[in-house]
Amino acid sequence: MQIELRPVQPTDLDLLVYWSGKPHVASALGSDTGWDWREELAMDPDWRELLIAHIGGRPVGILQIIDPAREEAHYWGDIEPNLRAVDIWIGEPEDLGRGYGTQMMQLALARCFADPAVEAVLVDPLASNAEAVRFYECCGFRAAQRRVFEKEVCLVMRVDRPAG
């Protein structure tokens with residue numbers, strides 16, 4: 001079955017809080033475990049998309065796409081325009097390794113590159129998370145630099161717009 005995406009709704013709050021408490025999600029977030037989903041869902045900035053991935057109506061993960069040059073917290077610092085940054089989380093551990101993340105990333109990249117101005121997409125897994133780094137490499141990302149974000153050493157990875 002194919003993954004489908006829909007915008008996150010306020011009714012997803014309990015699910016997002018539940019998923020955030022899962023050890024595999026918390027370990028991927030590192031020290032950035034303080035997501036206040038109630039606050040996040042109340043915001044609707046034009047520089048971010050929050051999407052629920054579902055398969056056959058069953059939610060399996062969350063996808064965030066941001067314009068890192070425009071996001072208000074300046075997490076990415078001074079960064080060039082025409083980029084997007086993506087975060088993916090699979091909610092349940094039994095849904096890991098089933099291809100859902102790959103499908104989500106394919107949909108995310110298609111969504112990002114649908115805007116002709118977008119030149120590249122970034123991800124920032126923890127440098128110590130070898131499994132995430134391998135996943136992103138399989139999705140076409142290449143290491144660009146090591147960087148400290150909020151006290152965590154991350155590997156900034158990048159995939160450029162496909163030629164043609």
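## Exercises on a Predicted Chain

At 30% relative accessibility, Asp115 is classed as partly exposed, a class that lies between buried (under 20% relative accessible area) and exposed (over 50%), with a 1.4 Å probe and protein chains only. The model is predicted, so local features need pLDDT of at least 70 and side-chain atom pairs count only at pLDDT 80 or more, while totals for chains, interfaces and linings use all residues. Residues are numbered from 1 along each chain as its sequence is written, and side-chain values use heavy atoms, with hydrogens and water left out.

**Exercise 1.** Describe the salt bridge between Asp115 and Arg84, and then the one between Arg84 and Asp67.

*Solution.* 

Step 1. Side chains of opposite charge can pair when their charged atoms come close. A salt bridge here requires a side-chain nitrogen of Lys or Arg within 4 Å of a carboxyl oxygen of Asp or Glu.

Step 2. Between Asp115 and Arg84, the closest N and O atoms are 3.3 Å apart, and a salt bridge is formed. This pair joins distant parts of the chain: Asp115 belongs to the loop between α4 (100–113) and β5 (120–123), Arg84 to strand β4, and 31 residues separate them. Helices (H or I, at least four residues) and strands (E, at least two) are DSSP runs, numbered from the N terminus.

Step 3. Arg84 also meets Asp67 in a salt bridge, at 3.5 Å from N to O. Here too distant parts of the chain are linked, with Arg84 in β4 (residues 83–90) and Asp67 in the loop between β3 (58–66) and β4, 17 residues apart.

Step 4. Arg84 has a relative accessible area of 17% and is therefore buried; Asp67, at 9%, is buried as well.

**Exercise 2.** State how many salt bridges the whole structure contains, and identify the network that includes Asp95.

*Solution.* 

Step 1. A network of salt bridges links Arg58, Asp95 and Arg98. Asp95 is buried, at a relative accessible area of 2%.

**Exercise 3.** Explain why the buried residues of helix α5 line one face.

*Solution.* 

Step 1. The buried residues in α5 (residues 130–138) are Ala132, Val133 and Tyr136. Viewed down the axis of α5, they fall within an arc of 100 degrees, and therefore line one face of the helix; the arc is that of the directions from the helix axis to the C-beta atoms.

Step 2. Glu131 and Cys138 are exposed on the other side of α5.

Step 3. The partners of the buried residues are β4, α4, β5 and β7 (152–160), against which they pack. Contact means heavy atoms within 4.5 Å.

Step 4. Just after α5, Gly140 has a positive phi of about 100 degrees.

**Exercise 4.** Characterise the surroundings of Ala85.

*Solution.* 

Step 1. Ala85 lies in strand β4, and its relative accessible area of 5% makes it buried.

Step 2. Leaving aside residues up to four places away in sequence, Ala85 touches Gln64, Ile65, Ile66, Pro68, Trp76 and Leu122.

Step 3. Ala120 is 35 residues away from Ala85 along the chain, with 8.7 Å between their C-alpha atoms.
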